[in-house]
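Subject: Structure handover

Hello,

Here is the structure for you to look through. My notes on it follow below.

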Amino acid sequence: MSVAAAQRTPDFFIVGHQKCGTTALYQMLRGHPQIFMPDVKEPRFFASDLRSRLVERAAAVPHRRTLEGYLALFAAAAPGQRVGEASPEYLRSHEAPRGIAQLRPDARIVAILREPASFLRSFHLQMVSSHVETRRDLRRALALEPARRRGRRIPRRCHHPESLHYSEHVRYVEQLRRFHAVFPREQVLVLIYDDFRADNEATVRGVLRFLDVDQQVPVQTVQTKPVKAVRLPQLHRLADAARTARTRPESSKPFGRAVHALTPAPLRDERVRARWRSVVYRTPRPPDEELMRELRRRFKGEVEAVSDYLGRDLVTLWGYDRVG
């Protein structure tokens with residue numbers, strides 16, 4: 001008997017996009033008694049083409065190394081529970097749809113799309129916060145995309161260079177077609193971020209209906225914290241390394257463990273950490289409206305195409321009918 005046959009395999013996959021509510025959806029679904037989702041939110045096992053350049057310790061990420069390690073994430077699922085996982089990179093991965101279909105051709109897929117300009121602004125803030133991007137100005141980061149495609153101007157600490165190919169993220173029709181090529185349309189649910197924001201609970205109940213679980217179970221709505229803008233990158237690195245050592249010691253590096261160990265006990269108090277965060281981070285400035293208009297002009301064709309593809313007027317919903 002194969003490993004896959006002997007162990008539980010996911011029944012459904014939340015495939016992305018990032019910054020579109022996937023974390024909130026993951027947290028809300030895993031609170032349902034008929035659903036099991038592992039503590040590891042983003043296994044990313046099937047996105048083999050988007051693997052980190054960093055050589056990861058096998059002991060820290062067994063779920064990305066082998067199928068057996070991946071399936072072990074779901075071993076605690078109770079009989080009768082729907083099993084799922086959430087890896088936002090799957091939507092832009094060229095390999096993930098085929099890999100998922102080979103393992104579970106009957107799997108159900110949940111994707112979430114967001115208006116391109118606001119998506120890229122939020123995604124860029126996340127990349128800066130995650131140490132993938134060093135350009136804190138979105139316009140300058142976008143201008144570097146051609147050079148980065150040639151392998152140049154990639155930040156030293158960036159382990160996922162393809163994440164900085166910003167325009168590649170907004171290929172919605174192409175991304176959906178990859179999943180529709182290996183799954184029937186009735187197995188793919190495409191959500192719109194605006195709907196999720198407008199009525200969190202109703203959207204989740206629609207997902208529960210799609211997954212064939214009890215829709216009447218009380219749904220605890222979740223509001224994830226918005227990404228903060230980084231004010232001081234050097235201190236952000238220190239704070240992030242110490243936080244990883246404190247909350248996920250198995251994933252921390254010697255530098256982070258050293259920072260955490262050398263942090264005086266009074267500085268670990270939550271009130272002190274809150275003051276520290278106010279120094280290192282700030283609320284993002286309002287978007288550059290001229291840049292937002294430029295991005296909407298740039299991606300209007302994609303929005304028109306995905307509107308036709310889904311049979312829904314996203315052009316009007318996202319305000320692209322007013323784009324010249």
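A residue is called buried when its relative accessible area is under 20%, exposed when it is over 50%, and partly exposed in between (1.4 Å probe, protein chains only). By that rule, 48% of the 324 residues of the protein chain count as buried.

Some ground rules. This is a predicted model, where local features need pLDDT of at least 70, side-chain atom pairs count only at pLDDT 80 or more, and totals for chains, interfaces and linings use all residues. Residues are numbered from 1 along each chain as its sequence is written, and side-chain values use heavy atoms, with hydrogens and water left out.

Now the confidence. pLDDT is the predictor's own confidence in each residue, from 0 to 100. The protein chain averages 86, and 78% of the residues score at least 70. Over residues 55-60 the pLDDT is below 50. Where pLDDT is low, the predicted coordinates should not be read in detail.

Next, the overall fold. The protein chain has 17 helices and seven strands. These are DSSP runs, numbered from the N terminus: helices are H or I with at least four residues, strands are E with at least two. A contact means heavy atoms within 4.5 Å. Of the contacts in the protein chain with a separation of 6 or more, 71% join residues 24 or more positions apart.

Then the salt bridges. A salt bridge is a side-chain nitrogen of Lys or Arg within 4 Å of a carboxyl oxygen of Asp or Glu. The whole structure holds 23 of them.

Start with Arg-148 and Glu-133. Their side chains form a salt bridge at 2.7 Å, N to O. Arg-148 sits in helix α8 (residues 145-149) and Glu-133 in the loop between α6 (116-129) and α7 (138-143), so the pair ties together parts 15 residues apart in sequence. Both Arg-148 and Glu-133 are buried.

Which residue forms a salt bridge with Arg-149? The partner is Glu-145, with the closest N and O atoms 2.7 Å apart. Glu-145 is buried, at 3% relative accessible area. Arg-149 is partly exposed, at 40%.

Glu-145 also meets Arg-298 in a salt bridge (3.9 Å, N to O). That pair links distant parts of the chain: Arg-298 lies in helix α16 (residues 289-310), 153 residues from Glu-145 in helix α8. Arg-298 is partly exposed, with a relative accessible area of 44%. Salt bridges with shared partners join Glu-145, Arg-149, Glu-168, Arg-171 and Arg-298 into one network.

Best wishes
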